[in-house]
Structures are given as C-alpha cells and as structure tokens.
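Here are some notes to keep beside you as you look around this structure for the first time. Take the points in order, and turn the view as you go.

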Amino acid sequence: LESGRYLAEAYRVLATNGRRMLGDPATLTAAEHVLSRLVQLAPADIESLLGLERVDVQRGQLGAAIEVLERLVSADPQNARGYLSRMAEHALSAYRDDDAVSYAERALALDPKDARAHERVGDLYRSRQSSARAIAAYERALALDPDAHGVALRLSELYVAAGDLERASAALLRVLRG
C-alpha cells in the first residue's frame with residue numbers, strides 16, 4: 001500500500017509540476033488507476049482515499065471526489081466534519097446547491113456548537129436567496145461567537161432587506177462596539 005501511494009503521488013506531482021508533463025491528463029489518470037486499485041485492496045485505507053479525492057479534484061471530477069469523501073466519512077468518522085465541509089465546497093463548485101446545503105447541514109449536525117459551521121450554512125442559504133434560514137443560521141453563529149463581526153454585517157444586510165431596521169441597527173452597533 002505504501003509503495004502504491006508513493007507511486008500515485010509521483011504520478012500526481014509529475015502531472016502538475018513536471019516540466020515536460022505539465023498538466024498531463026494521462027499521468028493523472030495513471031495516479032487515479034493506482035489509487036483505485038489500492039482502495040480495492042484496502043477499502044478503508046484513509047491515505048489512499050485522500051489521495052484519490054485529491055486526484056479527482058485535480059481532474060475536475062468533483063462528483064467522483066464527493067463519492068470518495070462519502071467513503072471517508074464512513075472510514076474515518078472522527079474527521080467527518082472536515083470531509084462533509086469539503087463535500088459541500090465541491091458540490092457548490094459543481095453547481096449542486098441543494099447537495100452543498102445538505103452536506104453543510106450534516107457537518108453542522110455533528111457539532112451544533114461550531115459557530116463557523118453555522119456561518120457556512122448561513123452563507124449557503126444566503127446565496128440561495130433563502131433569507132429566513134440564512135438569518136437563523138447567522139443568529140446562531142453570533143450566539144456562539146459574539147466576535148464574528150463579518151457574520152453580524154451580513155446579518156444586518158439581511159435584516160435591512162427584510163425591512164427590519166431595528167435589528168439591522170442593533171447588529172451594526174454590535175460590530176461598532178466590538
């Protein structure tokens with residue numbers, strides 16, 4: 001397994017950093033084949049799965065990267081929040097907004113006291129024009145981290161858009177006091 005991971009990393013580096021092979025898709029394909037074989041031999045090998053996700057992202061195959069990350073959530077549950085966050089980022093990049101929100105909410109469910117996770121969920125809802133849900137997520141983020149001034153600013157914008165000027169002013173005052 002270790003030799004196979006080393007070979008796959010060498011292919012990946014050659015494809016991205018080699019002088020003659022810069023951006024060579026065949027070399028990235030070779031790295032993917034090696035890592036896929038390693039995952040067949042050891043389905044729960046975290047390092048091989050991480051390498052496969054990295055290669056899939058480099059190849060622009062975000063759907064495949066998400067599938068690998070889903071396997072990592074099962075194989076490495078103590079790092080599931082990070083994997084779910086990356087799944088949300090990949091889904092957003094692939095214009096799969098519903099999936100991005102779903103992955104972000106799953107990450108949030110693993111640690112409901114993570115202010116940053118609430119902020120990410122709020123950002124996703126805000127980008128989808130779901131103001132009420134964005135406001136709720138931002139308010140929870142601020143309750144957990146009162147010094148999150150960027151969140152307070154975004155929240156004040158949403159309050160203004162909703163016509164709630166009193167709450168918008170309160171959010172802005174909070175930033176100024178901070």
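1. Start with the way helix 1 passes helix 2: the crossing is left-handed. In this predicted model, helix 1 covers residues 2-17 and helix 2 covers residues 25-41, and their axes come within 8 Å and cross at roughly 160°. That angle makes helix 1 roughly antiparallel to helix 2, since anything over 145 degrees counts that way.

2. Which residues of helix 1 and helix 2 meet? From helix 1, look for G4, R5, L7, A8, Y11, R12, L14 and A15; from helix 2, look for T27, L28, A30, A31, V34, L35 and L38. Sorted by class, the contact of helix 1 with helix 2 has 11 nonpolar, two polar and two charged residues.

3. Helix 10 spans residues 165-177, and the two pack at an angle of about 160° with their axes 8 Å apart. Helix 9 and helix 10 are therefore roughly antiparallel to each other, and their crossing is left-handed.

4. On the helix 9 side they are H149, A152, L153, S156, Y159 and V160, and they meet L165, R167, A168, A171, L172, R174 and V175 in helix 10. By class, this contact of helix 9 with helix 10 has nine nonpolar, two polar and two charged residues.

5. Helix 9 also has a contact with helix 7. Here the axes of helix 7 (residues 115-127) and helix 9 (residues 149-162) come within 12 Å and cross at roughly 30°. Helix 7 is thus roughly parallel to helix 9, as angles under 35 degrees are counted that way. Helix 7 passes helix 9 in a left-handed crossing. The residues in contact are E119, D123 and R126 of helix 7 with V151, R154, E157 and L158 of helix 9. By class, the contact of helix 7 with helix 9 has two nonpolar, no polar and five charged residues.

6. While you are at helix 7, find H118, which sits in that helix. Is H118 buried or exposed? H118 counts as buried because its relative accessibility is 9%, and the cut-off for buried is under 20%. Leaving aside neighbours within four places in sequence, H118 is in contact with L108, P112, A137, R140, A141 and L144. For a sense of distance, H118 and A65 are 53 residues apart in sequence and 24 Å apart in space, C-alpha to C-alpha.

7. Now for the interior. In soluble globular proteins, nonpolar side chains tend to be buried together. The largest nonpolar core in this model has 47 residues, and M87 and Y103 are those with the most contacts inside it. Apart from neighbours within four places in sequence, Y103 is in contact with I66, E70, L84, M87, A88, A91 and R96.

8. Finally, please check two loop residues. Y95 lies in the loop between helix 5 (80-93) and helix 6 (97-110), and Q129 lies in the loop between helix 7 and helix 8 (131-144). Y95 has a positive phi of about 60° although it is not a glycine; for Q129, also not a glycine, the positive phi is about 65°. Y95 counts as exposed because its relative accessibility is 73%, and Q129 counts as exposed at 68%.

How values were computed:
Residues numbered from 1 in each chain as written. Predicted model: local features only at pLDDT ≥ 70, side-chain atom pairs only at ≥ 80, totals over all residues. Heavy atoms only, no water. Axes fitted to C-alpha atoms, helices over the stretch in contact; angles between N-to-C directions. Helix = DSSP H or I, 4+ residues; strand = E, 2+ residues; numbered from the N terminus. Parallel < 35°, antiparallel > 145°, perpendicular 65-115°, else oblique. Left-handed = near helix turned anticlockwise from the far one by under 90°. Contact = heavy atoms within 4.5 Å. Nonpolar A, V, L, I, M, F, W, Y, C, P; charged D, E, K, R; others polar. Core = buried A, V, L, I, M, F, W, Y, C linked by side-chain atoms within 4.5 Å. Buried < 20%, exposed > 50% of the residue type's maximum accessible area, 1.4 Å probe, protein only.
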